[in-house]
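Colleague: Could you take me through this structure slowly, setting each value against its definition?

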Amino acid sequence: MILETLSQSVSTVLHNKKRLLKALLIPFLVTYFLRSMKVSVAGNELYNEILVYIFNIAIFLTSSIICLRTQQILDKHDTDDTADAPWQGIKFDPQQRRYSAYLFVLFILLYAIWSVVQADYAMASNGFVYSLMLALGVVGWVLFSRLSFVLPAIASGKETSFKDAFTITKDKKLYAFVIAGLLPVVFYMLFIGLPIFLLFANPNLAMGLKFIYVFIWGVIVIAIPFIIAAIEATAYRALMDKSKATEISNPV
């Protein structure tokens, strides 16, 4: 059951809270600073666009550090959290570079899928073509959800590839799709889309809470990759252990 996976994820995060804090605090702060700088330099001039592009690359790299370290720590879920773990800064070792490279490929794939799904009806010659493009987008989304399990596999220290991710999720396609395909969309809609909609619906409230909202929104945007990485790490462990948590026999 999906709820069991979510429950295990929360439990594992709480069990490893000290190590997670020491491993992720500096990357979190750096990522928040980079996002703030990106907002401050945004503009219509060419140099503004170049700076935003550079900041986006930096944000991607620091976010990949957050994801990798989260999945590394949660993979070692039986480690004593009371042990003295060192504080960690920003570092790109071979494992981190490999993880970031696979994450980048997945982002490119996700962007391609989103572009297909967003294709305007007028761009298609007829309804059949548009429906076909939409179907291809959904198929791509399912494939993306299965491929994304290469990330926790890399975090566990294994020499793995996208082919191995397909093998891992071979008999659990629906479980993989819900974990890595649907849940991230739900989180983004709940924690980012809904607040934005509510604030636009009430401009006066938005202006009054502008600073607080920008701060909280910035924290949430950074936290969501951590949440998704934690859930995928738990789901990956369940898949490898052939846990009953991967069975979807009842409504989620």
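**Labels and their cut-offs**

Modeller: L110 has its place in helix α4 (residues 94-117), where helices are DSSP runs of H or I with at least four residues, numbered from the N terminus. This is a predicted model, in which local features need pLDDT of at least 70, side-chain atom pairs count only at pLDDT 80 or more, and totals for chains, interfaces and linings use all residues. Residues are numbered from 1 along each chain as its sequence is written, and side-chain values use heavy atoms, with hydrogens and water left out.

Colleague: Why does L110 count as partly exposed?

Modeller: Buried means under 20% relative accessible area and exposed over 50%, with partly exposed in between (1.4 Å probe, protein chains only); L110 has 33% relative accessibility, so it counts as partly exposed.

Colleague: Why is Y47 called exposed?

Modeller: Y47, which lies in helix α3 (residues 46-75), is called exposed because its relative accessible area is 53%.

Colleague: What makes the pair of F28 and F226 edge-to-face?

Modeller: Rings of Phe, Tyr and Trp (its six-membered ring) pair if their centres lie within 6.5 Å, and planes under 30 degrees apart count as stacked, over 60 as edge-to-face and the rest as tilted. By this rule there are five aromatic pairs. The ring centres of F28 and F226 are 6.3 Å apart and their planes stand at 70°, so this pair is edge-to-face. It links distant parts of the chain, with F28 in helix α2 and F226 in helix α10 (residues 210-240), 198 residues apart.

Colleague: Why is F226 called buried?

Modeller: F226 is called buried because its relative accessible area is 17%.

Methods. Helix = DSSP H or I, 4+ residues; strand = E, 2+ residues; numbered from the N terminus.
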